[in-house]
Every structure is written in C-alpha cells, then in structure tokens.
Amino acid sequence: KIRLVYVGQLYREKQNPSQLFEAVGILKKRGISVERRLEILFYGHRDAFVTDMIVKYNLETIVKTPGFIPREKTLQVQRDADMLIFIDWQDSDAPGMLPGKLFEYIHSGTPILNISQLHNSLSIKLIEDAGVGITVANVPEPIADIIEKVIQGEKVPYAPSREILAKYTRKGLSEKMLEEIIERFNKRHA
C-alpha cells in the first residue's frame, strides 16, 4: 500500500482535509482499488472534525487516526511514509503561517504533498525552494491525479537543496537568531 501521512493537529477553521477525502472518492470512481492500494494516516489528536469526515466520505478502511505517538516514532513514521500530507493554512490574510511540523517534514527525507488554496504562501515557497515536494490546488481532481500517479509508481518531485535545508536546521536558525539579536543590540547601543 501507498502510505500518506499527516502528523499533528488540524485547525478546523484554517485547514480542511475534505478535498483530500473527495479525491479518494474520485480515485474509487476511476476504478482504482484504493482499499488495497492506499492508506492515509492522521497521527495526533483524534478530532471529531476528522473522524466525522472519514465516516461522511465512507473512508474508514482507507483513512485511519492512530492517535498520538512519541516523538521518535513520529519521526520514523514520517521517514517511512511514501508522502507526507501538508494542508496549508487556508487563510489569505495569513500567507506566512509556517508551523513547526513543516520544518520536521522538510528534513524527513520524504516528499511532501502540499495541499494549498493560496498561491503565495510561505510554505509553497519553502517546499519548492527546498525541492522537497509538490504543491497542488486544494481541489479534489488535482489531488486525485497526484495520488493516482504515486499509486502507479511515479515519484513526486524530490530533489532536496542541502543549502536551503541547512538554513532551517536548529543550528542554522539559532545562528540566524543570534545574528539578529547582536544586530539589534548593536543598534540600540550605538
């Protein structure tokens, strides 16, 4: 089975997986045996928002919510997945929302499927610049197309830029923050 993984909490007002679930329905209509070929796992808080949608779209055999797992297991699950699902913040007033999970994802070694309704979000830029995945519109057909290609053995574009990724390590971010602190300190005391 192809395994798609989402790790973390979904925010009902700002992230909605319904288009992903509709995409699975499209794959069924195309005659793809998704029950045998696809597994979608949502790790984290079991929210009625997600579980109710799973029932609504009749996806209980495909989409599972295993709950919380320890951090080491989370990192392993991300590495073992065929694709990581990132549902971009769906708020045009906040195109700069970058959750910590995205930084874990970009260092996981696994391609990211970024589902976004925005065209200018920072997550799109980061994923594309880092070469760690693909962004698809938050519309069922394009999502279904990508998943179908992965089921058929095609790979999602994945060519990590070590230079970009190095900027987003704890060390790289700490050094940048220290530079910023020193610069602000020097400006105040000049």
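Predicted model: local features only at pLDDT ≥ 70, side-chain atom pairs only at ≥ 80, totals over all residues.

**A lysine and its surroundings**

Mentor: Let's start with lysine 101, whose neighbours beyond four places in sequence are Tyr6, Val7, Gly8, Gln9 and Phe86. The residue belongs to helix H5, which covers residues 100-106. Now for its charge: lysine 101 is buried, yet no salt bridge goes with it. The nearest side chain of opposite charge is that of glutamate 104, and it sits 8.3 Å away. What the lysine 101 side chain does have is a polar contact of 2.8 Å with the side chain of tyrosine 6.

The structure has 1 cavity of 30 Å³ or more, and the largest cavity holds about 90 Å³. Tyr6, Gly8 and Gln9 are among the residues lining that cavity, and these three also touch lysine 101. Other lining residues include Phe42, Tyr43, His45, Arg46 and Asp47.

Glutamate 104 takes you to the open space instead. The largest pocket has a volume of about 280 Å³. It is lined by 13 residues, and Glu104 is among the closest to its centre, along with Arg71, Phe103, His107 and Arg170. By helix, H4 (71-80), H5 and H9 (170-188) each bring at least two residues to that lining, with H4 giving the most, at 4 residues.

Technical notes:
Residues numbered from 1 in each chain as written. Heavy atoms only, no water. Buried < 20%, exposed > 50% of the residue type's maximum accessible area, 1.4 Å probe, protein only. Lys, Arg positive; Asp, Glu negative; His and termini not counted. Salt bridge = Lys/Arg side-chain N within 4 Å of Asp/Glu carboxyl O. Polar contact = N/O pair within 3.5 Å; in protein donor to acceptor, adjacent residues only side chain to side chain. Contact = heavy atoms within 4.5 Å. 1 Å grid on protein atoms, 1.4 Å probe; cavity = no way out; pocket = protein on both sides within 12 Å on 5 of 7 lines; lining within 4 Å. Points joined across faces, edges and corners; volume = space filled by probe spheres on them.
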